[in-house]
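Subject: the model, plus some notes

Hi,

Here is the structure I promised to pass on.

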Amino acid sequence: MKKASLFSLIVITALNMLCGFTGYAAFGDQTPNNLVTDYGYYSKYWLLYIANVALVINIVGAYQLFAQPIFAFVEKWAEQKWPKSKILTTEIEVWIWDLCHCKLNLFHLVWRSAFVVLTTLIPLLLPLIQVIILIFMSIQFWPLTAYFPVEMYIIHKEIPKWSTKWVGLKILSFFCLLVSVAATVSMIVFLYLDIKVYKYYHPFTSYW
């Protein structure tokens with residue numbers, strides 16, 4: 001698990017830095033949010049198809065990874081709150097010809113479907129949701145990625161205070177704090193500049 005996490009972290013970091021550095025080197029401050037669609041790649045439809053397939057694979061995997069803890073928390077809470085409820089225990093048998101036979105929990109089906117629909121509609125209705133999400137991600141980067149893991153590691157390994165390893169870990173945590181603050185400030189500025197020029201979508205007047 002440790003090797004897999006290290007390998008995935010290296011690959012993700014390399015790909016993101018490659019995309020960020022090449023985009024900024026080519027376009028500077030005018031780098032678009034979407035390098036594929038914002039600079040005339042519509043004629044190269046095969047490139048758009050590949051990008052869309054890669055995006056779907058990424059989102060499906062990431063959505064499952066981040067949503068499963070939420071599903072588990074809500075379902076466990078509901079079972080403890082209403083242990084005798086038939087809604088929570090009712091299962092539906094589903095036959096797909098002779099190929100597959102499975103049982104679906106009615107509560108899981110309804111609740112998870114509603115969650116997916118809700119998390120899809122909210123970004124569609126809120127303007128600049130991508131920037132808002134990036135602000136929250138920047139805020140949570142330091143405590144969840146650096147501070148708490150570093151502090152837990154120091155306590156678990158019983159690293160002496162003011163030792164070389166202790167100082168190095170504290171410097172790493174402080175550096176991540178600076179990155180988090182800088183990213184948060186830049187995203188807030190980006191949001192402010194975007195709000196000034198943002199135009200709301202009007203479905204009934206967009207073609208007039």
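The buried residues of α4 are covered by, among others, α2 (45-81), α3 (86-89) and β2 (100-105). Contact here means heavy atoms within 4.5 Å, and helices (H or I, at least four residues) and strands (E, at least two) are DSSP runs numbered from the N terminus. This is a predicted model, where local features need pLDDT of at least 70, side-chain atom pairs count only at pLDDT 80 or more, and totals for chains, interfaces and linings use all residues. Residues are numbered from 1 along each chain as its sequence is written, and side-chain values use heavy atoms, with hydrogens and water left out.

Which residues of α4 are buried? They are Phe107, Trp111 and Phe115 (buried is under 20% relative accessible area, exposed over 50%, partly exposed in between; 1.4 Å probe, protein chains only). Looking down the axis of α4, the buried residues fall within an arc of 55°, so they line one face of the helix; the arc is taken from the directions from the helix axis to the C-beta atoms. Val110 and Leu124, on the other side of α4, are exposed.

At the start of α4, a side-chain oxygen of Asn105 comes to within 3.0 Å of the backbone nitrogen of Phe107. Asn105 also turns up in the contacts of Leu88, which touches Ala78, Glu79, Trp82, Asn105 and Phe107, leaving out residues up to four places away in sequence.

On to the core. The largest nonpolar core has 7 residues: Ala67, Phe71, Ala78, Leu88, Phe107, Trp111 and Phe115. By nonpolar core I mean a set of buried Ala, Val, Leu, Ile, Met, Phe, Trp, Tyr and Cys residues joined through side-chain atoms within 4.5 Å. Both α2 and α4 give two or more residues to this core. Phe71, Trp111 and Phe115 also form one aromatic cluster.

Rings of Phe, Tyr and Trp (its six-membered ring) pair if their centres lie within 6.5 Å, with planes under 30 degrees apart stacked, over 60 edge-to-face and the rest tilted. The count comes to 7 aromatic pairs. One of them, Trp142 with Tyr147, is tilted, at 5.0 Å centre to centre and 40° between the planes. Tyr147 also pairs with Phe148: the ring centres are 5.3 Å apart and the planes at 70°, so this pair is edge-to-face. Trp142 is partly exposed at 22% relative accessible area, as are Tyr147 at 32% and Phe148 at 44%.

Cheers

Notes: Polar contact = N/O pair within 3.5 Å; in protein donor to acceptor, adjacent residues only side chain to side chain.
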